[in-house]
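Have the viewer open as you read.

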Protein chains: 2
Amino acid sequence: MEEVIQAERAIDPPQAQTIAIPPAARPGDALDAIDTPSLILDLDAFEENLRTMQVLAERHGVALRPHAKAHKCPEIALRQIALGAAGICCQKVSEAVPFVAAGVRDILISNEVLGGAKLALLARLAKQAHMTVCADNPIAVEALSAMMVEHEASVGVLVELDIGQQRCGVQTPDEALALARLIRKLPNINFAGVQAYQGGVQHKRSLTQRQKASDKAARLIRQYLDAFAKADIECPVVSGGGTGTAAFDVASQVYTEIQAGTYAFMDTDYAGIDWGEALFFRHSLFLLGTVMSTPTSDRAIVDLGLKSTSAESGAPQLVGREGLRCVAVHDEHCILLASSRRNRPDVGTQLRLIPGHCDPTFNLHDSVVAMRGQHVEAVWPISARGLSR
Amino acid sequence: MEEVIQAERAIDPPQAQTIAIPPAARPGDALDAIDTPSLILDLDAFEENLRTMQVLAERHGVALRPHAKAHKCPEIALRQIALGAAGICCQKVSEAVPFVAAGVRDILISNEVLGGAKLALLARLAKQAHMTVCADNPIAVEALSAMMVEHEASVGVLVELDIGQQRCGVQTPDEALALARLIRKLPNINFAGVQAYQGGVQHKRSLTQRQKASDKAARLIRQYLDAFAKADIECPVVSGGGTGTAAFDVASQVYTEIQAGTYAFMDTDYAGIDWGEALFFRHSLFLLGTVMSTPTSDRAIVDLGLKSTSAESGAPQLVGREGLRCVAVHDEHCILLASSRRNRPDVGTQLRLIPGHCDPTFNLHDSVVAMRGQHVEAVWPISARGLSR
């Protein structure tokens with residue numbers, strides 16, 4: 001096959017000289033020396049966010065297990081763990097690999113795992129770290145046990161409950177009990193508890209609505225826990241919760257650990273909800289762009305688009321710019337409209353924007369530039385970017 | 001700084017044993033052995049699409065310069081060139097690097113280029129390949145010339161015209177002439193012609209509307225060309241057009257080259273427009289996913305979401321599945337609803353989906369699995385993925 005491909009090429013073979021693409025920034029660089037588009041992290045705000053959530057969890061005696069799918073960056077996970085996090089969540093098995101390689105030793109795959117390649121990789125990870133996965137059906141549980149036996153590995157299993165998200169998860173306590181019993185029966189897998197995440201309620205705008213939804217989820221979870229207790233099945237872990245409901249989740253007395261992710265960064269989606277006075281997180285994550293064209297007195301074009309920011313939760317939001325808004329996001333451009341010539345930035349102006357949704361935005365970048373004030377402290381690889389299997 | 005970071009780590013250093021993530025597929029694999037989520041390319045359909053557009057362009061004596069921002073994959077560009085394409089377009093300077101490394105020797109950066117790091121990289125590329133960039137303002141043109149002089153390199157420059165997209169581009173023939181004169185005056189940059197792309201009209205649903213819009217764009221371009229002729233400024237290249245208007249663009253007699261990209265793959269966005277009988281492209285690009293959970297009799301959850309497919313142009317579309325549709329796209333899941341239990345696929349079922357928008361979807365994947373019928377022929381790296389600077 002390779003020979004056929006070569007014969008098809010009607011052009012010269014590549015020259016020996018390779019061209020390296022320089023990094024977006026180097027430690028010590030000033031903000032205005034950073035090449036754009038780039039993803040930048042305000043370390044002061046980020047560290048304050050990490051402390052705020054850690055303190056909240058500890059005050060209620062609940063473990064914090066931050067979701068690494070939000071950032072996919074081992075350097076960030078290590079800082080969360082250094083502050084007291086009990087480990088991390090990942091959403092995919094391959095996503096966990098760079099975190100295990102970086103030294104993280106307790107990972108919950110907060111998702112169903114199916115298929116030989118994924119299970120074999122999981123078994124290899126389980127020899128280096130304490131791995132737990134979720135399950136909501138017997139087929140997956142049986143395949144999981146068989147693969148762990150084959151590799152002489154073992155993993156914990158949480159039964160996933162559907163507590164209102166209408167995604168994965170068992171639908172009734174009877175189903176949960178049957179699955180827990182199967183897990184307890186099969187070799188090399190250990191029933192560790194339940195996964196109970198309700199994504200939809202995290203983004204409800206009103207604080208009262210979120211409180212009600214969190215209470216409702218907690219009541220549903222209690223029904224499951226009562227069924228386990230009645231059946232004399234110990235259920236040590238109840239994992240769930242998120243940034244939007246964290247204040248209620250930790251106080252609910254049902255969760256043993258909270259899976260929040262976005263709290264460390266904040267995006268326009270989460271910032272748009274009513275936070276009340278209970279809890280406050282700062283924007284720490286920004287897109288840095290440059291105005292590359294000003295074709296008219298009211299229009300400015302920025303050098304970042306869908307390949308640098310997710311847009312399914314809306315256009316990114318400009319920081320500190322009155323009378324200027326992002327009206328369209330193309331593949332590689334944001335179109336800005338100014339209310340007057342005075343508010344239109346000139347060609348070459350650097351702009352900061354807050355992404356609509358941080359998880360898929362991190363997934364577009366190979367690195368994040370960590371800033372201390374106006375200077376670059378480090379450039380961290382987003383090592384799990386693109387690891388979706 | 002590094003020492004401080006080390007001291008913060010409260011966990012063991014990584015073990016020496018590294019874990020490699022296996023590839024999604026290997027040449028010779030059957031379809032059902034491919035790990036998911038994956039991006040797959042039906043080579044028969046893809047090659048037919050390449051031939052269809054190449055023949056169309058040649059029949060009208062217009063060059064085809066496919067847009068590599070659509071796929072970011074050198075193996076694909078080499079096949080387009082082998083069939084007769086005049087070179088490729090890239091949208092960013094860094095994006096061009098893997099294509100130059102793979103042997104592509106004629107690249108148009110169909111976009112404004114601004115900033116020292118980008119211009120220095122461009123100068124280095126210009127020593128290995130014929131590079132052309134777009135410009136719509138004197139600031140960029142002067143910085144471009146200065147950097148090329150410094151590096152003893154030279155590039156071609158197209159003046160970008162705004163022919164209705166309301167993005168970048170000069171607004172009047174006078175502005176275009178002034179910029180062309182400046183380019184001709186400055187050293188190490190050569191005025192090569194005009195860039196005239198109208199993205200918005202590509203996606204208009206009705207064939208008649210697209211024809212009208214293409215005609216209108218052509219009339220506008222002619223006004224610019226007349227102004228150049230009157231000023232005795234030769235304008236050898238008129239680059240523009242796209243998949244949606246290609247049939248009209250090639251016949252318009254204004255373009256010397258066509259920049260289509262999606263024609264090779266087709267996505268639901270382009271497939272949704274009325275194609276008439278003039279031109280037909282087949283779907284060649286698919287997402288491959290696996291049903292990982294079937295919590296209810298009408299719901300199935302697939303293992304791919306926003307991190308594997310763009311969703312700003314709508315949810316991906318299922319192939320060959322009656323009574324089943326994708327109702328939501330989460331970060332790592334698609335939620336499918338079936339009209340009946342009979343139409344709900346079981347856990348483990350592989351499904352093919354057509355992405356809504358191919359450009360940002362390619363940008364999420366590290367490789368594309370090239371299929372000949374039901375078997376893997378090759379796995380091609382998407383080498384320019386993430387190169388947005």
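Predicted model: local features only at pLDDT ≥ 70, side-chain atom pairs only at ≥ 80, totals over all residues.

Which helix of chain A does A:Asp359 lie in? A:Asp359 sits in helix H12 of chain A, where helices (H or I, at least four residues) and strands (E, at least two) are DSSP runs numbered from the N terminus.

## Ground rules

Residues are numbered from 1 along each chain as its sequence is written, chains are lettered from A and ligands numbered from 1 in the order in which they are written, and side-chain values use heavy atoms, with hydrogens and water left out.

## A:Asp359 up close

Start with the surroundings. A:Asp359 counts as buried, at 5% relative accessibility; buried means under 20% relative accessible area, exposed over 50%, and partly exposed in between (1.4 Å probe, protein chains only). Leaving aside residues up to four places away in sequence, A:Asp359 touches A:Lys69, A:Ala70, A:Thr262, B:Lys307 and B:Asp331, contact being heavy atoms within 4.5 Å.

A:Lys69 is also the salt-bridge partner of A:Asp359, with the closest N and O atoms 2.8 Å apart. The rule asks for a side-chain nitrogen of Lys or Arg within 4 Å of a carboxyl oxygen of Asp or Glu. Side chains of opposite charge can pair when their charged atoms come close. The two side chains are joined by a polar contact of 2.8 Å as well. That term covers a pair of N or O atoms within 3.5 Å; within protein, one must be able to donate a hydrogen and the other to accept it, and residues adjacent in sequence count only if both atoms are side-chain atoms.

## Two domains in chain A

Chain A is assigned domain 1 (31-40 + 282-381) and domain 2 (43-266), with bounds that come from an automatic or database domain assignment. Their contact takes 16 residues from domain 1 of chain A and 20 residues from domain 2 of chain A. The C-alpha centres of these two domains are 33 Å apart. Between them, about 1700 Å² is buried, and carbon and sulfur atoms give 56% of that; buried area is the accessible area (1.4 Å probe) that two parts lose on being put together, summed over both.

Four salt bridges cross this domain interface, along with eight residue pairs in polar contact (both at pLDDT 80 or more). On the side of domain 1 of chain A that touches domain 2 of chain A, helix H12 (358-362), strand E16 (367-372) and strand E17 (375-381) of chain A each supply at least two residues. E16(A) gives the largest share of that side, four residues. By class, that side has eight nonpolar, four polar and four charged residues. Here Ala, Val, Leu, Ile, Met, Phe, Trp, Tyr, Cys and Pro count as nonpolar, Asp, Glu, Lys and Arg as charged, and the others, Gly among them, as polar.

## Where the chains meet

B:Ile19, B:Lys307 and B:Arg389 supply 10% of the area that chain B buries against chain A, more than any other three residues.

Twelve salt bridges are counted between chain B and chain A. One of them pairs A:Asp331 with B:Lys69, closest N and O atoms 2.8 Å apart.

## More salt bridges

Over all chains, the whole structure has 37 salt bridges. In chain B, B:Glu95 pairs with B:Lys72 at 2.8 Å between the closest N and O atoms. B:Glu95 is in helix H4 (residues 93-101) of chain B and B:Lys72 in the loop between E2 and H3 of chain B, 23 residues apart. B:Glu95 is buried at 0% relative accessibility, and B:Lys72 is buried with a relative accessible area of 0%.
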